[in-house]
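Let's take a friendly walk through a protein model, one piece at a time. Keep the structure open beside you and find each part as we come to it.

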Amino acid sequence: MTGKPRRAAATGPRGQGEGAATSGKPRRVVVTSPRTAAARRPRHPLTREIDEQTRLGEVYMGSLVRTQFRLALFVCSLLACVVGGLPLLFLLAPELRAAELFGLPLPWVVLAGLIYPALVGGAWLYVRQAERNERDFADLVEHR
Amino acid sequence: MSQIAAVVLVMLATVLIGAFGLRVSRTTSDFYVASRTVSPLWNASAIGGEYLSAASFLGIAGLILTFGADMLWLPVGWTGGYLVLLVLVSAPLRRSGAYTLPDFAEARLESMAVRRLSSVLVVLIGWLYLMPQFQSAGLVFRTITGAPPWTGSLLVAVVVAINVLSGGMRSITFVQAFQYWLKLTALAVPLAFMLLAWWSDGRPGLAPGDEWVLPLHGRDHPMYETYSLILATFLGTMGLPHVLVRFYTNPDGRAARRTTLVVLTLLGAFYLMPAVYGYLGHVYGMPESDTVVIALPGRLVGGPVGDFLTALVTAGAFAAFLSTSSGLTVSVAGVIAQDILRGGVRAFRVATVLAVLVPFALAGVARSLPVATVVGLAFAVAASSFCPLLVLGIWWRRLTTSGAIAGLLAGGGLACAAVVITITGGPHTGWAGSLLAQPAAWTVPVSFTVMAVVSLLTPSRVPRGVARTMVRLHTPETLNVDRGDWRPRFM
């Protein structure tokens with residue numbers, strides 16, 4: 001399923017047939033307006049600032065890295081509180097070790113069950129926010 | 001008998017599916033990363049299939065049965081490690097364009113010395129991870145046939161070598177994706193039958209006052225060991241060579257993130273089950289061993305159905321041996337071929353044999369520890385070496401070549417020393433025993449500190465192209481910016 005189609009199509013009989021059909025005689029087209037603006041679209045100045053590593057470009061890059069790092073740090077801190085807090089909780093409140101939830105021991109319900117959906121949920125929220133940060137950065141750079 | 005049939009079937013299926021890849025993997029880049037044409041769900045299944053080793057399939061249930069609730073942290077960490085990987089590493093690493101960990105080290109630090117050091121660490125971690133897979137294969141093979149342990153190890157080693165030699169990574173991707181779903185089924189179906197049997201037995205529970213079920217009991221220093229285990233597993237995942245190589249088969253950084261999210265879901269689903277096996281094993285008084293997963297279905301469900309279920313878990317176990325070992329072999333062989341031999345497809349073949357042979361020999365001579373314990377040690381080494389390199393490399397501009405080398409040597413060296421002492425000698429007792437058996441809690445901070453402090457002391461050794469590298473690592477692919485011209489050297 002993966003990968004195969006592209007290369008197979010290029011060498012397979014169907015691919016060759018299509019290739020012959022399109023690479024035959026070029027179709028005639030009528031040019032009504034010279035699209036010079038599209039042909040020579042200048043690169044956006046802000047990406048050039050980044051390319052040339054000017055002060056401004058570095059400021060923009062720094063802000064992107066910082067935003068993403070802050071997000072990563074936030075998720076990691078949250079994770080550290082939950083994961084690092086649980087053993088501490090069991091140490092400080094020994095009655096919790098033997099407590100029961102749904103008729104099962106509480107530590108088992110949490111560690112062998114509830115924590116997994118929580119991890120997936122956290123990951124999903126992170127992906128959404130990280131992609132949003134990147135979109136914002138791209139918008140900022142492309143439309144000054 | 002049905003168990004042996006199951007083993008043969010899995011081996012054949014692995015080789016046959018692998019052979020499909022042969023047709024398309026002719027050039028070097030195919031061998032390495034399947035030409036980056038693998039779709040996200042396949043890719044995530046493949047990561048899951050590769051990641052769920054004998055330690056996950058057999059080892060966790062065995063350790064939970066032996067030590068009780070504290071071992072529940074092991075699967076939690078092996079899943080949660082992907083969350084840490086996702087937020088700190090996945091997208092920038094894919095954008096770096098590197099194929100292996102040494103590639104990343106070279107791209108980021110522009111230094112061949114760091115590259116070579118990373119290569120050595122990749123090979124060591126890979127061998128440390130492969131060795132218990134082979135030992136475990138021997139153990140299971142002995143359980144079902146009575147043959148000496150080395151025959152099972154040899155069988156797995158040979159199939160892995162054939163598979164990697166014939167197909168390269170592309171075939172491995174198909175094989176691995178298949179293996180994930182096989183392993184999930186092989187654990188889930190017997191579990192459903194066993195829960196039915198447990199229910200009809202009148203749902204036997206634990207004896208009142210049974211301490212086994214409580215966290216923080218039964219070991220010398222449970223608090224220290226729990227925290228060290230958490231640190232090793234959560235931070236070690238990102239430093240495993242066979243996991244990272246899969247990220248390059250994503251088309252871009254965004255896809256790398258999404259793939260990681262799917263991986264997290266797939267692993268979460270799988271890891272719900274070993275704890276139940278451990279619990280049932282304790283309730284029914286099974287002997288404490290890595291083979292509890294194999295023995296339990298036959299104990300709870302008798303007759304032909306029981307035989308079939310036992311065959312199914314055995315098939316799953318062999319799928320686990322084959323998939324993880326194949327993935328590790330590809331990574332280790334790639335690094336040996338590229339950095340130690342001269343490169344090229346021929347070197348890759350020599351390296352593959354080497355990558356399998358050494359851990360096979362080690363499996364015969366090392367002390368036999370529970371498989372999940374040894375794999376946990378591999379995580380500790382990865383967490384103390386590659387985790388700081390990746391995290392500081394991606395997020396901190398002032399990391400220097402000298403800092404990276406010093407940190408890798410200090411963290412990786414100390415962790416490796418602890419591992420060697422634990423595996424060859426021991427069991428050690430008291431504080432020294434705990435510190436050596438779970439080294440991450442002290443080696444990870446040492447590694448981060450050394451890397452950061454030495455970097456700050458050697459500001460002149462900051463790589464010259466760091467600004468361009470940061471652009472490459474962090475800007476979304478939609479932007480048209482100069483990302484530098486570094487490319488991984490193909491063999």
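In helix α4 of chain B, Ala54(B), Ala55(B) and Leu58(B) meet Pro132(B), Gln133(B) and Ser136(B) of helix α7(B). Two residues are in contact here if their C-beta atoms, placed from the backbone, lie within 7 Å. By class, the residues of this contact are four nonpolar, two polar and no charged. The classes work like this: Ala, Val, Leu, Ile, Met, Phe, Trp, Tyr, Cys and Pro are nonpolar, Asp, Glu, Lys and Arg are charged, and the others, Gly among them, are polar. Helices themselves are DSSP runs of H or I with at least four residues, strands are runs of E with at least two, and both are numbered from the N terminus.

How do these two helices cross? Helix α4(B) covers residues 54-67 and helix α7(B) residues 112-145; their axes come within 10 Å and cross at roughly 65°. An axis is a line fitted to C-alpha atoms, for helices over the stretch in contact, and angles run from 0 to 180 degrees between N-to-C directions. The crossing of α4(B) and α7(B) is left-handed, a term for a near helix turned anticlockwise from the far one by less than a right angle, with clockwise giving right-handed.

A word on the ground rules. The model is predicted, so local features need pLDDT of at least 70 and side-chain atom pairs count only at pLDDT 80 or more, while totals for chains, interfaces and linings use all residues. Residues are numbered from 1 along each chain as its sequence is written, and chains are lettered from A and ligands numbered from 1 in the order in which they are written.

Next, follow chain B to helix α8(B), residues 149-200, where you will find Leu182(B). Is Leu182(B) buried or exposed? Leu182(B) is buried, because 21 other C-beta atoms lie within 10 Å. The cut-offs are simple: 20 or more other C-beta atoms within 10 Å of a residue's own make it buried, 12 or fewer make it exposed, and anything in between is partly exposed, with C-beta atoms placed from the backbone. Leaving aside residues up to four places away in sequence, Leu182(B) touches Gly316(B) and Ala319(B). Leu312(B) is 130 residues from Leu182(B) in sequence, yet their C-alpha atoms are 9.2 Å apart in space.

Helix α13(B) runs over residues 303-340. From first C-alpha to last, its 38 residues reach 54 Å, close to the expected 56 Å; the expected span is 1.5 Å times one less than the number of residues. Helix α13(B) is mostly covered, with 31 of its 38 residues buried.

Helix α15(B), residues 371-395, has 25 residues and reaches 34 Å, close to the 36 Å expected. In α15(B), 25 of 25 residues are buried. Val391(B) belongs to this helix and counts as buried because it has 21 C-beta neighbours inside 10 Å. Although Val391(B) and Leu88(B) are 303 residues apart along the chain, their C-alpha atoms are separated by 6.5 Å.

Helix α16(B), residues 401-424, reaches 33 Å with its 24 residues, close to the 34 Å expected. Because 17 of those 24 residues are buried, α16(B) is largely enclosed by the rest of the structure. Just after α16(B), Gly426(B) takes a positive phi of about 80°.

Which residue other than glycine has a phi near 45°? That is Arg203(B), in the loop between α8(B) and α9(B). Arg203(B) counts as exposed, because it has 10 C-beta neighbours inside 10 Å.

Finally, turn to chain A. Seven helices and two strands make up its list of elements, and 22% of its 144 residues count as buried. Where chain A meets chain B, 48 residues of chain A are in contact with 48 residues of chain B. Helix α7(A) gives the largest share of chain A's side, 20 residues. By class, that side has 32 nonpolar, seven polar and nine charged residues.
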